Amino acid sequence: QPNMPLIEEEDALELKERFATELEGPVQIDLFTAEGPACLYCGETRALLEEVSALSEKITLHVHDLEADAALAAELGVEHAPGFVLRGASKGTVRFLGIPAGYEFATLLEDVVAVSTGRTSLREATREALATLESDVHIRVFVTPSCPYCPGVASMAHQMAVESEHVTADVVGVSE
């Protein structure tokens, strides 16, 4: 069906309440898309992020063309579409390359909260170790929508990026 929501109405109401209580600062989502068959999930990714951003006025979605906005894409480290970066109180770079579908949708929701607050559920010892980093670290977690184990690892990588300016964490959807 055309224009059928990706997030069920009951879930959207729950998420709206969650975001109202848990989000503190603004979260900007910079989504990069491309035209044509080279970007299989651009439309769906945009629709999903539009629905998520509509759940809170603290979340804004900026849609960019990968080619037309090549300088910004390079600055944010997005080389493929769909790809997006969450910006807010995160110290490092929190990036998704591909659509956060299936189990990865939960990772996206956790990321929005963490990027809004600048806080994570990482243990104190992990946060202390991240604070001692002196050089940049780039973490790439490859995920599939149907893997129940991927979200935990993906979320941990993104939390490390929230905690440290030296960490860039990509969650890469292998289906794209």
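1. Asp 170 is buried, because its relative accessibility is 1%. The cut-off for buried is under 20% relative accessible area. Keep in mind throughout that this model is predicted.

2. Which side chain meets Asp 170 at 2.6 Å, N to O? Arg 95 does, and the two form a salt bridge. Arg 95 sits in strand E4, while Asp 170 belongs to strand E6 (residues 167–173). Arg 95 has 6% relative accessibility, so Arg 95 counts as buried.

3. Arg 140 also forms a salt bridge with Asp 170. Here the closest N and O atoms are 3.5 Å apart. Arg 140 comes from strand E5 (residues 137–143), and Asp 170 from strand E6. These two residues are 30 apart, and this pair too links distant parts of the chain. When you view Asp 170, look for both arginines: Arg 95 and Arg 140.

4. How many salt bridges does a search of the whole structure find? The count is 8. One of them joins Asp 30 to Arg 87, with the closest N and O atoms 2.8 Å apart. Asp 30 is part of strand E1 (residues 27–33) and Arg 87 is part of strand E3, so the pair ties together parts 57 residues apart in sequence. Are the two ends buried or partly exposed? Asp 30 is buried, because its relative accessible area is 1%. Arg 87 has a relative accessible area of 30%, so Arg 87 is partly exposed.

5. Salt bridges can also join up. Arg 18, Glu 22 and Glu 110 are linked in a network of them. Find these three residues in the viewer and trace the links.

6. The surface has a patch of negative charge. Its members are Glu 8, Glu 9, Glu 10, Asp 11, Glu 14 and Glu 17. Take Glu 17 as an example. Glu 17 lies in helix H1 (residues 9–22). Its relative accessibility is 58%, so Glu 17 counts as exposed. The cut-off for exposed is over 50%.

7. Now the aromatic rings. The structure has 1 aromatic pair. The partners are Phe 84 and Phe 96, with ring centres 4.9 Å apart. Why is the pair called stacked? The ring planes meet at 15°, and planes under 30 degrees apart count as stacked. Phe 84 is in strand E3 (residues 83–87) and Phe 96 is in strand E4 (residues 93–97), so the pair ties together parts 12 residues apart in sequence. Phe 84 is buried, because its relative accessibility is 0%. Phe 96 has 2%, so Phe 96 is buried as well.

8. Check the peptide bond from Ala 81 to Pro 82. This bond is cis, with omega near -5°. Most peptide bonds are trans. Where does Pro 82 sit? Pro 82 is in the loop between helix H3 (70–76) and E3.

9. Sequence separation and spatial distance are two separate things to look up. Glu 50 and Ile 29 are 21 residues apart in sequence, with 9.9 Å between their C-alpha atoms. Glu 50 belongs to helix H2 (residues 42–53). Its relative accessibility is 38%, so Glu 50 counts as partly exposed.

10. Next, take Leu 23 and Leu 76. They are 53 residues apart in sequence and 23 Å apart in space, C-alpha to C-alpha. Leu 23 lies in the loop between H1 and E1. Leu 23 is buried, because its relative accessible area is 4%.

11. The last pair is Ala 157 and Cys 39. Their separation is 118 residues in sequence and 25 Å in space, C-alpha to C-alpha. Ala 157 is found in helix H6 (residues 150–163). With a relative accessible area of 4%, Ala 157 is buried.

Conventions:
Residues are numbered from 1 along each chain as its sequence is written. This is a predicted model: local features need pLDDT of at least 70, side-chain atom pairs count only at pLDDT 80 or more; totals for chains, interfaces and linings use all residues. Side-chain values use heavy atoms; hydrogens and water are left out. Patches are made of residues with over 30% relative accessible area and no salt bridge: like charges are joined within 9 Å, nonpolar side chains (Val, Leu, Ile, Met, Phe, Trp, Tyr) within 5 Å. Accessible areas come from the Shrake-Rupley method with a 1.4 Å probe; for residues, only the protein chains shown count as cover. A salt bridge is a side-chain nitrogen of Lys or Arg within 4 Å of a carboxyl oxygen of Asp or Glu. Lys and Arg count as positive and Asp and Glu as negative; His and the chain ends are not counted. The place of a charge is taken as NZ of Lys, CZ of Arg, CG of Asp or CD of Glu. Helices (H or I, at least four residues) and strands (E, at least two) are DSSP runs, numbered from the N terminus. Buried means under 20% relative accessible area, exposed over 50%, partly exposed in between (1.4 Å probe, protein chains only). Rings of Phe, Tyr and Trp (its six-membered ring) pair if their centres lie within 6.5 Å; planes under 30 degrees apart count as stacked, over 60 as edge-to-face and the rest as tilted.
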